[in-house]
Amino acid sequence: MDGSLSQNDLSHVIEADKAHVWHHLTQHKQFETGDPRIIVEGKGLRVWDQTGREHLDAVSGAVWTVNVGYGRKSIVDAISEQLMKLNYFAGAAGSIPGALYAEKLIEKMPGLSRVYYCNSGSEANEKAFKMVRQIAHKRYGGKKHKILYRERDYHGTTIACLSGGGQQERNAQYGPFAPGFVEVPHCLEYRAQWDLSGEAYGQRAADAIEEVILREGPDTVGALCLEPVTAGGGVIVPPPGYWERVQEICRKYDILLHIDEVVCGVGRTGTWFGYQHYGVEPDFVTMAKGVASGYAAIACCVTSERVFDLFKDDASDPMNYFRDISTFGGCTAGPAAALENMRIIEDEDLLGNCTRMGEYMLGRLGELKDKHAVVGDVRGKGLFLGAELVADRETRAPLHEKQVAAVVADVNRQGVIIGMTNRSIPGLNNTLCFAPPLIVTKDDVDEIITAVDNALSRVAV
């Protein structure tokens, strides 16, 4: 591989995996006759599997996580040094990396002030949901407890997060769900719900949120939870005019705005956070994947001082604080890794590279659209991009997901790993997903595009 692997015979590892590991998002029947893929090493944008085969990873660890790339020794060293000093202490006390990373993070988030540490995006969103519910009880007699979420958005795997998730296939067979979560319409103009376009469409999609609020009763709605760019639901960039109207609606009805940055956060779209493209001022921002680029488990629920103050306004009340704990939010490896991860992004201008390479890659995807009728739409922000495949460009009938999966498999055989929307929206699991590490170069982008071009020529014809 790249020369650093000491164990060359991985047959026992493969057998142990087949016998005991339950893989994510995987139907395991296939492993009765075949082997799972074991990723053994990574360096830069490249990973090697158990056969020694090299792949360009165009989805940053399969789920948009490894923002600064593989093999970052400085992050590993920062983690090692911190763990020798102090590996863990529960979050009821502080730690040096926890305090320093919170300070650095808040510098990037004007208007916000407090960081609650936990260990996953699902958990970070749960914290925000619990805060909204506790505020409802503290200030509104429990009435203003409803949380709005958007069709196609995804906020995590727990029952509460699925309750607030807009992907029917993710949710199927896991109900009954928690009450008080209410769906609002999506905002994908390519799958238009109104005969409008551009800013008029964006404003109308936001107005649809107000219609739900009025239907439910503004005095019952506590928060609105949205992804800045919808991820697994189709890589959806909101139309112009959308976010401005969303902010106006939240302020009009005193609704807390919760932005889920688990995918977009820490550089993925070319700014530190996706919402910062749109000038909105959230009350909660949750993040996870790119915070430490997968070198350690860490997630954050960040709030404004306005929200924080609601949990300390009456010290005589034994219930008047956020009665919550995240065991592994006390791990010090996470903030130690996150500090070094942030330094790398700053020192190597990875936000700038993300913007430049994102524009270049979107243009190259546009070339594929011009060449292949099966590409109905290309879209994205920074290095978070999608290509929606259709069986008929005029009707926009989606390409069957088996054919989309065949495209992904063909690209993989060429040594490039890309993704696709799957188990999300029935009949609309038809978008190819791209999110290479922020260190990607033009040559890397060309390699990705060439592989997709070849696959579309062979499979989706």
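Visitor: Which strands does helix H8 lie across?

Guide: Helix H8, which covers residues 198–216, lies across strand E5 (146–150), E6 and strand E7 (221–226), and its direction is at about 145° to E6. Please keep in mind as we go that this is a predicted model.

Visitor: OK, and what is the order of the strands in the open sheet of seven?

Guide: The seven strands follow the order E4-E10-E9-E8-E7-E5-E6, and the pairing in this open sheet is mixed. E4 and strand E6 (181–184) are at the edges with a single partner strand each, so one side of each has no neighbour in the sheet. Going from one strand to the next, the twist averages 20°.

Visitor: How is E10 paired with E4 and with E9?

Guide: Strand E4, residues 114–118, pairs with E10 in the antiparallel sense over five bridges, and within that pairing Tyr117 has Cys300 of E10 as its bridge partner. Strand E9, residues 284–287, also pairs with E10 in the antiparallel sense, over four bridges, and there Val285 stands opposite Val302 of E10.

Visitor: Is E10 buried or exposed, then?

Guide: Five of the five residues of strand E10 (residues 299–303) are buried, so the strand is largely enclosed by the rest of the structure. In a regular strand the side chains alternate between the two faces of the sheet. For E10, Ala299, Cys301 and Thr303 are on one side while Cys300 and Val302 are on the other, and all of these are buried, so that both faces are covered.

Visitor: Let's switch to the sheet of four strands: what is its order, and which strands are at the edges?

Guide: This open sheet has the order E1-E2-E3-E14, again with mixed pairing. Strand E1 (39–43) and strand E14 (416–417) stand at the edges, and each has a single partner strand, so one side of each is left without a neighbour in the sheet.

Visitor: How many bridges join E1 to E2?

Guide: Four bridges join E1 to strand E2 (residues 46–49), and the two run antiparallel. As an example to look for, Ile39 stands opposite Asp49 in E2.

Visitor: New topic: how many salt bridges does the structure hold?

Guide: There are 41 salt bridges in the structure. One of them is formed by Arg251 and Glu281, whose closest N and O atoms are 2.6 Å apart. Arg251 is in helix H9 (residues 242–252) and Glu281 is in the loop between strand E8 (256–260) and E9, so the pair ties together parts that are 30 residues apart in sequence.

Visitor: Are Arg251 and Glu281 buried or exposed?

Guide: Both Arg251 and Glu281 are exposed. For a pair that is buried, look at Asp377 and Arg379, which form a salt bridge with their closest N and O atoms 2.7 Å apart.

Visitor: Where do Asp347 and Arg343 lie?

Guide: Both are in helix H11 (residues 333–347), four residues apart, and that spacing is about one turn of the helix.

Visitor: Which residues are linked in a network of salt bridges?

Guide: The linked residues are Asp207, Glu210, Arg245, Glu248 and Lys252.

Visitor: And which residues form a nonpolar patch on the surface?

Guide: Ile159, Tyr174 and Phe177 form a nonpolar patch there, and together they have about 290 Å² of accessible area. Ile159 belongs to helix H6 (residues 159–163), and with 41% relative accessibility Ile159 counts as partly exposed.

Visitor: Last one: what is Asn412 in contact with, apart from its neighbours in sequence?

Guide: Once neighbours within four places in sequence are left aside, Asn412 is in contact with Arg37, Arg53, His55 and Ile417. Asn412 itself is in helix H13 (residues 401–413), and its C-alpha atom is separated by 9.5 Å from that of Ala455, a residue 43 residues apart from Asn412 along the chain.

Methods
Residues numbered from 1 in each chain as written. Predicted model: local features only at pLDDT ≥ 70, side-chain atom pairs only at ≥ 80, totals over all residues. Heavy atoms only, no water. Buried < 20%, exposed > 50% of the residue type's maximum accessible area, 1.4 Å probe, protein only. Pairing = 2+ DSSP bridges. Patch = residues over 30% accessible without salt bridge, like charges linked within 9 Å, V, L, I, M, F, W, Y side chains within 5 Å. Areas by Shrake-Rupley, 256 points an atom, 1.4 Å probe, with all protein chains shown as cover. Salt bridge = Lys/Arg side-chain N within 4 Å of Asp/Glu carboxyl O. Contact = heavy atoms within 4.5 Å. Axes fitted to C-alpha atoms, helices over the stretch in contact; angles between N-to-C directions.
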